[in-house]
Each structure stands twice: as C-alpha cells, then as structure tokens.
Amino acid sequence: MSPNLLYSTEEQDLRASVRDLLTDRCPPERVLELCEEGGTGDPALWHTLATQLGATSLNVPDELGGQGASVREVAVVAEELGRFVAPVPFLGSAVLATSALLGCRAGEHRDAVLAEVAAGNRTATLVVPLSSCVGGSFPTAVRAREGRLSGSVRTVAEGAGADCLIVPAGGAEGPELYVVDATESGVTVDAVTSFDITRPVSDVDLEDVAGVRIAGPDLAATVLEDAVRTGAGVLASEQVGVAEWCLDSTVEYLKQRYQFGRALASYQALKHRLADLWYELVVARAAARYAADQLATAGDDAPVAVGVAQSLCARVARHAAEECVQLHGGIGMTWEHPAHLYLKRAKADEIALGSPSAHHGVLGPLVDLHPAP
Amino acid sequence: MSPNLLYSTEEQDLRASVRDLLTDRCPPERVLELCEEGGTGDPALWHTLATQLGATSLNVPDELGGQGASVREVAVVAEELGRFVAPVPFLGSAVLATSALLGCRAGEHRDAVLAEVAAGNRTATLVVPLSSCVGGSFPTAVRAREGRLSGSVRTVAEGAGADCLIVPAGGAEGPELYVVDATESGVTVDAVTSFDITRPVSDVDLEDVAGVRIAGPDLAATVLEDAVRTGAGVLASEQVGVAEWCLDSTVEYLKQRYQFGRALASYQALKHRLADLWYELVVARAAARYAADQLATAGDDAPVAVGVAQSLCARVARHAAEECVQLHGGIGMTWEHPAHLYLKRAKADEIALGSPSAHHGVLGPLVDLHPAP
Amino acid sequence: MSESVADTVELDAEGLRSRTREFLASNDPATTDRGEFLRARFDAGLAWVHYPEGLGGLGAPRALQPVVDAELEAAGAPDNEPSRIGIGLGMAAPTILAFGTEEQKQGFLRPLWTGEEVWCQLFSEPGAGSDLASVGTRAERKGDGWRVTGQKVWTSSAHNARWAILLARTDPDAPKHKGMSYFVCDMTDPGVEVRPLRQITGEAEFNEVFLSDAWIPDSNRLGEVGEGWRVAQTTLMNERVAIGGRPMPREGGMSGVVADTWRKRPEGADAATYDRLMALWVEAEALRLAGKRLGQQLAAGSPGPEGSAMKLGFARLSQELSGLELELLGQEGLRYDDWSLRRPETVNFTGRTAGYRYLRAKGNSIEGGTSEVLRNIIAERVLGLPAEARADKDVPWKDLPR
Amino acid sequence: MSESVADTVELDAEGLRSRTREFLASNDPATTDRGEFLRARFDAGLAWVHYPEGLGGLGAPRALQPVVDAELEAAGAPDNEPSRIGIGLGMAAPTILAFGTEEQKQGFLRPLWTGEEVWCQLFSEPGAGSDLASVGTRAERKGDGWRVTGQKVWTSSAHNARWAILLARTDPDAPKHKGMSYFVCDMTDPGVEVRPLRQITGEAEFNEVFLSDAWIPDSNRLGEVGEGWRVAQTTLMNERVAIGGRPMPREGGMSGVVADTWRKRPEGADAATYDRLMALWVEAEALRLAGKRLGQQLAAGSPGPEGSAMKLGFARLSQELSGLELELLGQEGLRYDDWSLRRPETVNFTGRTAGYRYLRAKGNSIEGGTSEVLRNIIAERVLGLPAEARADKDVPWKDLPR
C-alpha cells in the first residue's frame, strides 16, 4: 500500500487540539519566562497535554491505557510542539523513553512503568547523550553488575525532572536496558546550561544504583537503535514545526514593517529568499510525513525514510531559523523577541540524534551508496 | 617583505596590450567560429602573442631569449586570456611545459627547446591528464627503457598541435622527464572531443619513441610537482578573468533588457545575486594575486597560496558562469551567444589541475588541519 | 454519429469498458490500417472521453480515460504517439475547444488527435520570454485576413508542424495585455521560415520561426480580436497541468544517474563529494516524496500550490547533481561525446553523457517559467507578499521601453 | 598656546618626533598624574596631530600620528584608552570638528579626547535602523532650547556616557531627510533613562535610551536646524572608516578558533565536515588577503569599493564557521556557559564558548549596516544597477507608512 503522506482527518483534529492548547497556554512570552526561571519547563502544561489530550500515550497499546494510535500521531504532536518551542519533555519521555519501553518485551515492571509514563503520572527519559545517532555502537558508559548500575552520561535530554530513567548499560554478557527510579540513592541528575534554552539537558551520574532490567543482550541493542531511530524520525516533524513558525512569523513581520517608504515584504531579494524557504519546507514536510508513516507501520524502508527526513529537516529548520533572525533585523537579536528561542532549538536539533552528515553516513550504505575508500 | 597583491604599472601595461590584441583579434564570434572548425585554436593569434607581446617568454631568463619577468606577469596574461576564453595553448605550452623546462637543470637540449618554446617557434605541452593535482604520485603510465618511451596518457591539455611533448615517465631507477618531438615515429596524438570547446584535449600514445631525458630520478618528481603547482596557481588567475567577464557581461545585459516594463537590472533579487558574485570576485582576485606572487618569488607559502587560490577561484568562476547563463535566460542557452563558452571553460577549469576538494585535501595538512581519521 | 451516445452508454467505468470492447469488436487493430483505426476511435468518442460528443469524446469524466486506454492497449491497438504531438494534445486542443468556432473544432481536432497534423506553438520571442505579454510579432488586418511579421523562438516541432498556435500583436496602441490576438497559423505558408535553433549542448531541440508577411485568414483567429492574452491563458494553464505529477520511483531521475556513477567509483570520488552526493540524493528523494504528496492532495480534491516547488526543486537538483557528476568523473568529465548539430527526435534530460546532462540541465530553470518567475509566484501567490512594482500595465505597448 | 606651532616646528616626522621628545622632557609620564599628562598632551597638539592647533593638534598630516604615538609609548606614557571611548573619538569628534561652533569645539573636544567624558550615539530607533532617516524621536523648540521625546536603541556605552550625539526630528511636516536636526544631548539630564538591552547571547552589550522631555539647550545643536541628516552623514562616514582595514594574521579571526577546535578532534569531526571546514578556511584566508589588498590600494592612494565586500564576507564567514563549530562539537555544542544577564566591558566575537560565538555572529550581518543594505550598495554604487524604487523622498515624514 502506498504510504499516506497527508494528514488524516484524525491527525488534523489532534493538531487542532494541541494548537488550541498551546496558543492559550504557551505563547512566546510564557516560554521565555519559563526558560528564564531555569526550571524543568512547564509541568502544568505537560500534565494537561498528557491527561486531557493523551499526547503521551498515543502509540501505547490500549491495554496499557494508551490510544492505540501510531507514530504518525506522535509526529503531529511533535510538529505542533516545535511550532511553539513548548518547554515540555515530550521528546525525552513520550518519544525516546516510551519507544524504548515499547520495544521491550511485556513484563510486570515494564508494563507498569509504561502505563505510568503513558498516563502522564511519571516522566521518563532515555539516558543517552542527546547527540546520539543511529548506527553507533551500544553505549557502555554505564556498567551493570548484578542489577546495580554505575557510570555517567552527559547531556541527556530533559533529564532533570524525570521520575524514571531508561538506562542502556554494558552488562557482563552484553548490552542491557534498565529502568532506574530517579529517587534511588546513588542517582544524581545535574541540570546543565543548555544551548537550547527551551529543552533542558542534564548530566546523569549513577553510583551503584539498583535498576530493573527490561531487556537483555538478545534485545537491548535493537531496542535502543529503534528508539533512537524513532526519536530522529519524530524530531524531523518537530523541525518542520520549527521551520514553519520561522517562515510564517517572518512573512508576517515583513508585511508589517516599512523601510524607505515600502513594506519590507515588497523587496524582491527578501521575497525570493522566503520563496526558497517555502520550497524547503514543502520537501521537508513530505520527508517527515514519510518517516512518520514508515515508523508507524514498521515499514522496511523506515531506516532510509528516517535518514532522509532527519538529515534534510535538520538543515531546513536551522536555515529557516537563521533567516528568521536575519530578516527580523535588530529586533530578532533581542532577548525579548522569540526568534532566538527558535534559533537555539533549530541549531540544537541539528546536532540532536545525529547531525546531517552522520545520518548521511548511515543512510548511504542502506541505498548502496558506500563512502569513498 | 609583504607580498604585493596589486597589479604593478608594468603588469597593467602588459594587460592593456594583451587586451587590445584580444579585443581586436579574439571577439566571441571568432572564438566560436574557431571552435566549430575543431582545429587547434588560432595559430596566428598565438604567434602574435608570442612574438609581438612576448607572452610565451615572460618568465624565461634573458639569456634564453626571455623577458626575465615572473609568474606574476604570466598570471596577468592568463587572466586576460580567460576573459576572452582565447583558444590558444597558453596553459599547456607557456605555463605547464615551460614551467617543467624551467625546473630542469640547464643543458644543451633543454636550453634549445626552452628557447624555441619561449620564442614561440615551437609549441609544447606537458603529457599528463589535465585533471592532475599536486600531491599525486608521479605518473608511470609511460615507461622509459634506454631512452625509448612507451605508454598512453589520456586527456592532455592542448596536445594536438604541439611540436614537442614533455613526458613524465617511469624509468628503471625512478621518475624521469623526457622531451619528445611530436613528429617522431611512434607518436600518436589524437584530438578528442573536449567538453571545454575553447581548450582542446588529446590522447597521447607513445610506442617505442625516442626521447631526450631532461630530468632524472633526483629531480623529475619535484619538477613535475612544481610545474603542476604553477599551472594551478596560474589557472586561478585565468578563472578570475573568466568570472570577471561573466559578471561584467551579465551586468550589461540586465541593464539593457526590459521585462514587465522595468530593466531586469532593477530587480532586487538579481541585484543581490550580482552583488554576491562581485564579493566572490573580490576575494578570488586577492587569492589569485597572492598565489602568483608566491610562485613568482618562490615563497615558502606557495603551496598554501596555490591551494587557497585554486580551490576558491575554481568555485567562483564556475558559479559566475552558471549565473551568467541563468540570468541571460533563453539567449544564454543558445549556441550563438558566448555565455556557453565561459560555462564550459569554467566547469572544465573546476576539474583541471585538481578539483577544489582535492586541493582541500592537499592544503589541509600544510596548515596543520588533518583529515578526520 | 447519428444518435446521442449518452442514450446508449452509461458514462461510468463499466459502460466505457463495454463500449471500448464493442468498438474493438468492429475495428480489429490487427487488421485495420493505423490511421483508419485512430480516426474510427476518434469518431467513436474514445479519443479523449471528456471531450464532447462529435469531437472525439463522450462528455464523460476525464478520470475514466485510463479505463479506455487500458482496454485498447490490452488489445494491441496503436496509439497516437502522444509524445510526438504533445503541444497539439496538451495546449492547442484545449484552447480550440474553449475558444474555437464549431467549424474550427470540427476541422482541427480530428487530425490533431490522430497525429496526422502536428501542431507547434508560436508564443515566445527573443524579446518576450518570461514577459510573454510583450510579444512584438505584428499581425495587420488585410482584407479578410491578416499579414503577420515577426520572430518567434524556442519552438519545438516547428519543422514537422502543419499548424501553429500563434500569439501576435494586433493593436500596438493598446496596453500590452489588451492589444494581442490569437491565431492558428498555417506552417506551410510561404511567409513562414523555420530554422533550427542550436543550443549549448550542440543540439537543436528547438527552432526559430521567422514570419514575413505570413497570411492567416480571419477564419483562423481563435477568440475575439484583442482577446489574445485571455485565450493564451487557457493554453498556458494546460501547459502547467502537463508538467510534474507523474509518479517516479526512487532514483528515477538525475539522482539515479549520478548515484550509479558514484557506484562505479569514478576518479573524483572522495569523502567530500560523498557528503555532497548524499545531501543531493536526500533532497531528490524528498522532492520525489513531495511529488507523491502533491498527487495525493490532488486525488483528495485539495490541490496545493506545491507544483511550483516541484519545478523549482527539479531544476535545482538536476543542475547540482549533474555538476557534481562531472566533478566525480574527473578526467572523463573533461570530454564530451559530440558537438555536431543534431535535431533529436525526443529529449532525455538524463541521456547521453554527463557533459550533456550538465549543459541541458541549465535549461531546466529557464524553460517553462524561469526559477526567478517561479519564486515571484510563490512569494506573491502562496505567501501573499506584495507584487513587484510594474509600469507596463496601462501604457500603450508601443511606448514601453524595450 | 601663545604662538603658532608651525612657526617653531617642522610638520614632518622628524619635527614631530623632536616635539614629542621635548614634551616628554617637560612632562615625565613616570611622575605626572595620568589626567594631567593627557590634558598636557592635548594642549601640546600631540593628541591628534591632524586636528587644528588649539584643539589637540598641529594641523599636521594624519599619517604622522604613529610617529608621536610610538615615541610616547616608548617612554611609557599613558594613553587615553581608545577602545573605551571609540564613539567619542571616531564619530562625535570629527562631527564636532566639522560642524561645531568655536565654543562647542573648545568645550567638548578636550575632555572627549582625554576620556574624562565618555560619548555615546543616539541614532537608531526601533523603527529606524537601516532606514535611519526615518527617526521619529521628536525635538520641539521651547524657548532657548529643545524638549526631546522618543526611544533610541542599540546604544553602546550609554550607561557610562556623559554626552550623546543625537539625531532627532524637528519638522515632521518636511520630507524625512529634511526635517531632522543634530544635537549634543546631556546624558545626565533627568529626562534621559538608560536601560540595558539584552541580546540573544544573554548579554546586554547595548542599551535602550528613553527620552522623556529631555532638555537640550540650543547651544548644543550641531549644524543648522533641519540639517541633521547632512551632519549625520559625517558621523556615519567616519564610522565606516573605522570598520575593517586592520591587518590580520592567518587564522586571526573565527577561522582560527574553529581550526583549533578541529585540531582537538571533536566528536563531530568527520570527512564531510572536513571539506566544509577547509572551504571556509580557504575563504577566510582569501578574505584576509582581500583586506590586505584593500590596505595596499589605500596606501597607493586608490581606494576601491572593496570595503563593503570585507564586511559582507566577515559576517558570512563568522556565521558559517561558528555554525560549523557547534556541529563539530556534537554533544558539547548542546551546552552553553551562562545565560545570565551581563554587561560586558568589551565585546569579543571570538570569545567565550562556541554557542556564544554562534549567536553573537548573527549580529554581524545586522549591526553597522545589514548585509542586505550592503548588497544594495554594491549593486547600485559599484555595479551601477538601478536603485530600488522608493516613495519616501518627497512626502512629509508624518504621512509615511510605518
């Protein structure tokens, strides 16, 4: 069956709900205020997203309290959250950690944690550097010995505020995945200053901490790879949302602002740059939708689709944000205008879950394009 | 002493002489006509350049009939020849072959050939593929055994019409350089269809041909490397000339041509693209002048200067030629308009004597920037 | 064609399928002469089913044409070689249908569709490309017809064509958009001279057409005098529909050609060009997906403005990819296959050698609307930015700067 | 200052050198108070030798200043910390010299040069950046002075400044370029409020200045009423002279920083980024050479228009390089040093962390003339292309769209 690259009616409804909520609760002034407070984002908004819109349980099976929807819907939410650079731990908890949990075999502990995270009662994160890319070797910065974990991982997405940590660890017989309660003794989560002020990062240190194993060497590497791939695929949709806001707000600004007696929007050099951005957004959206669809249907082409989407959308969002700042002129350089929130998000997203060139390197061999010797 | 990046008064006079001659004898219609005839360019123009302007003997010592000038002046001539895409074998004979001859030790045969080539009585070429880059290994496609040469080299610049061939060859004890008379039996020079119709290329085949050795294993590799480097450095000036013509002619065209009731030149999107091209030309010219100066003074920085100039000017000339065709619209796509002559020259020049990425690879380690492991 | 078809056939897929089978039963493609077969097909209303009865159609939904085509193809029937007569089918026919008199429709459409008469388009001029409304080819009234003088350019098929659709200026004193009329020009008229127009590839895909007092009877005018621009809009709208939209497999265009070149490990393949190749491959794949998405939008009845993105991206990518390919080839990229003047039967952007592809791709951002004009259209019609200032709308054409 | 210096000193290098030595002999920097020393230097005409006698100079060629400076430096004399008072030295002083009354020159220039009084510039407004002539800050005549109300922005040093040069609108009914006047504004006036303006880096390099009925005596007007734009041109011309031109070593700017990052083999260093790095390194080196070439042109007495290329390229490269650096750093690129609001004493584009450099570099294509305005200037003044259409030249300022 041909993949559906459009937004379904249900997806459009979901988008409208999320957008309504964010328009109301997450205007740029509010985002800036929250980021200045330096906390863990907007817990109340996060709670509403989870409980009222079910945004944290979209692709979780019905029997665990989820919506039984798919990554397509998750991507739609990510797109809207990107459009508002909403400071909520969606990527860390509802995408990366949830994907990892979904990949593990059913089991008492996994099911319980997944249900809690899906319900929005707990927030989780996947303890890998946010810059991790598919195709890397399994991380062994944390070592597991007889169910106890030690080691440090830097620059983890949205770690501060997480109630439970999904931790890849090198065990005696190979890769393993653990769930660790953030309140366990020996767990230190240090919020560090994030370049993307709308998405906090943390350094996680574990010293002889008790964890519950949810995947062993037969499965852990695949689960982690799939989770990171899903994260990258969903991030592409977030990037589409970021790029779209940047284009829209720049168009609006240029229409209102006059220079030398003419609307800035009437200057052809600017018009052509905006037209080019619009072109980029058209192809980025198609790529992101395809990635979401392939992930949703566990399609054979998912690795290719994600590589295409992530490497392209990362560049498009960053380019859109840079143009947004430039074309806003001086006002775009000020702290009080929201353009910088998008610039920081877009630039960080270009590094997050694999840079474009890293994705090119993974993608090439999948389509029989091998690097030069 | 600080390198002089300007054109000296003598250089400006030289440029004026060359430009006068080419304006008179080498208008675009004439170039196109010559290229369509498919011969070896314009022997009469070549003869005038050599004998009246001394363009083929600028950096040859006085005692061999030369001008005792330097590569700086050679580069000025190359710039003008680029500006007119003049179909004369300057790069092959007066730059590559002459540089190789100059690099060899004085000797009866070398001196005689050099004097003849400098005087314009004979035309020479260096028998390497035109795509050769500094930093490559010494070519051994031709083997030398007891003064007799055998082997084939493809895509040699301006080979057809050359009276003598400077041939790098693998001898019993290592790299050697030979002079071969093109009329010797066993020499075949096949003109092949050149992408750059203003600069013919040939395949050279030698079957047990007598040659005179002008450099042995102690010197041949250095001589060849220096000749190819000098060629690349001078080519950068040619590229500046190509880019300059493209910019100038596009500016003129857009000023004359009206669309929707306005001069095309009044459209801001086009104005900004031309401004960007002008910027590129400013930096390209500075880089090309520095390379010429370093080659002229045998400066320690010559390898860096050539790498910078060639990798930059190649992109600038190609970009300028592509913009020239695009901004001329339909007329730029026709055979009768000269834009395509420049496009072909610029694109071929991007490959000739090392592509930008090849030059980057050679340049990096010279400035302590080593490739990723 | 004595009675109305609608009385006898249901205009749904089943009805058309059975009508096609009936037609085939009485016109066996194996034994019928090709021309005869095509004329019969036209008369049976199976040429273009959405056209009216009596003009090769049945007034059926356009979407049902594939049903008919599939039946005919399965039966081994000859087609009308649409790639050879694209301008007639795609541009002239819809315009004749919309603006022609009954006599014009009856006279022109049948031989146009069967391919017995090839059509070409005399619109662009050396001084009127993107700004088509500034055409200067002059048609002057003489008795019951017109004498036409001027130069047209970028005309494909002109050397094979029997007829041309022609846009000419009939009133130089009127503002530019209001002084043009639209004609059908007889290409065999002694005042028409066709010369091949050689391109930078060495080929002559197109022609220049010189009109010197060419005669056009007034009965060959389409639409009213002075209404030429409006008529031409119909022609151009149909041209745009024809571009893009066809589904492509991955690596279906230039990206596949260059990827294959890479796979052969050419001389210039290095780590730096690998990343450039991958970035372009990725963009080409995304553009392909965008085309697919556009098709899905159309199918869902909500066409978007993405068509202009497709053309912009297609031009960009074919140029970047073919430029990269020459670099990859290194020494081989310095050679060309053949500069001699040829007149290709069909054009294949990904054919011949890398050098040809590179040069031919330069036309992709010029022909059928330059990338600059497309960016204006996107900026103004999609993003709603103000239109460019222009001073040519109300001035008499003859007074405009040129 | 009783007799003309020119009577006693040859205005060549030798003359100035001996005059400086004489000055040092009677003003020992080791034992003289700094302020006193600087004032004495000013009075001796050794502050800026090309200024007139009595105003800190000797009417000597500007090119001879380095002779004096070298002598003084060798003797361990204090300088006037030029980096702290750049706006006063570079912009206010030449304008006062050109347009000031004798009294203004005598009153302002000495404490300006010694640094006892810091100056700032009140030109840009939230609605008047690239289009500076649209300033809306209003100065209304009241008795023997002016009441000024409005908002200025992007003002560095405002929080330390004693005086400001101010461009304000005195006649809203005149066309925009003709209704402005130029003033010296007392920054200690109660109607002047200075607030830090925080930037995307977290820092506040600049200020917003709110003027609420600030009082300026008419004796602090520079130039005639309505002549403000012409006076401001002198200020801006001198600003442009100050930008660029200083010689740089290879890797002297952002390219060196990023090259050093590469040399440390950061996480994101791969074959693809290597080529991007090399291409940018090459362009940075070529831009450096272009700057050197520009200097040689100036020295040879034939300045070219290349200055605008320098600024365009500087902005482009600092942005591209710092963006690449963040990618090279990978995980480290996701972290920042400190977002807290600070007021830096000086600004270093290549300082702090990669994240700071990336963000700060975004300003390089906006401040001091946007890259878009530069491209217009290049296109129109260097390439001779037609100017942009504008509708704001002859309309009363108050009727312009805003």
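Across all chains, the structure holds 34 aromatic pairs. Rings of Phe, Tyr and Trp (its six-membered ring) count as a pair if their centres lie within 6.5 Å; planes under 30 degrees apart are stacked, those over 60 degrees edge-to-face, and the rest tilted. Trp245(A) and Tyr342(A) are a stacked pair, because their ring centres lie 3.7 Å apart and their planes meet at 5 degrees. Trp245(A) belongs to helix α7 (residues 220-256) of chain A and Tyr342(A) to helix α10 (residues 339-351) of chain A, so the pair ties together parts that are 97 residues apart in sequence. Helices (H or I, at least four residues) and strands (E, at least two) are DSSP runs, numbered from the N terminus. Trp245(A) is buried, with a relative accessible area of 13%, and Tyr342(A) is buried at 3%. Here buried means under 20% relative accessible area, exposed means over 50%, and partly exposed lies in between (1.4 Å probe, protein chains only).

In chain D, Phe42(D) and Trp48(D) form an edge-to-face pair, with 6.4 Å from centre to centre and 65 degrees between the planes. Both Phe42(D) and Trp48(D) are buried. One aromatic cluster is formed by Phe195(A), Trp335(A), Tyr336(D), Trp339(D) and Tyr358(D).

This is a predicted model, in which local features need pLDDT of at least 70 and side-chain atom pairs count only at pLDDT 80 or more, while totals for chains, interfaces and linings use all residues. Residues are numbered from 1 along each chain as its sequence is written, chains are lettered from A and ligands numbered from 1 in the order in which they are written, and side-chain values use heavy atoms, with hydrogens and water left out.

Charged groups also sit over aromatic rings (NZ of Lys or CZ of Arg within 6 Å of the ring centre and within 35 degrees of the ring normal). The charged end of Arg15(B) is over the ring of Tyr7(B), 4.4 Å from its centre. In chain C, the charged end of Arg195(C) is over the ring of Phe210(C), 3.9 Å from its centre.

### Salt bridges

Side chains of opposite charge can pair when their charged atoms come close. Over all chains, the structure holds 153 salt bridges, each defined as a side-chain nitrogen of Lys or Arg within 4 Å of a carboxyl oxygen of Asp or Glu. The table lists some of them.

| Salt bridge | Closest N and O atoms |
|---|---|
| Glu79(A) and Arg285(A) | 3.0 Å |
| Asp203(B) and Arg335(C) | 2.8 Å |
| Lys271(A) and Glu388(C) | 3.0 Å |

Glu79(A) forms its salt bridge with Arg285(A). This pair links distant parts of the chain, with Glu79(A) in helix α4 (residues 71-83) of chain A and Arg285(A) in helix α8 (residues 268-296) of chain A, 206 residues apart. Glu79(A) and Arg285(A) are both buried.

Asp203(B) lies in strand β7 (residues 201-210) of chain B and Arg335(C) in the loop between α9 (306-329) and α10 (354-361) of chain C, so the pair joins two chains. Asp203(B) is buried at 18% relative accessibility, and Arg335(C) is buried at 13%.

Arg34(D) is in helix α2 (residues 34-43) of chain D and Glu81(D) in the loop between α3 (65-74) and α4 (86-99) of chain D, so the pair ties together parts that are 47 residues apart in sequence. Arg34(D) is partly exposed, with a relative accessible area of 35%, and Glu81(D) is partly exposed at 36%.

Salt bridges that share partners join Arg15(A), Arg19(A), Glu79(A), Glu80(A), Arg83(A), Glu244(A), Asp248(A) and Arg285(A) into one network.

### Interfaces of chain C

Between chain C and chain B, 50 residues of chain C are in contact (heavy atoms within 4.5 Å) with 47 residues of chain B. The area buried between these chains is about 3900 Å², of which carbon and sulfur atoms give 59%; buried area is the accessible area (1.4 Å probe) that two parts lose on being put together, summed over both. Ile200(C), Leu334(C) and Arg335(C) supply 19% of the area that chain C buries against chain B, more than any other three residues. The interface of chain C and chain B has 8 salt bridges.

The area buried between chain C and chain A is about 3700 Å², with carbon and sulfur atoms giving 69%. Tyr274(C), Arg293(C) and Leu383(C) supply 17% of the area that chain C buries against chain A, more than any other three residues. Between chain C and chain A there are 5 salt bridges.
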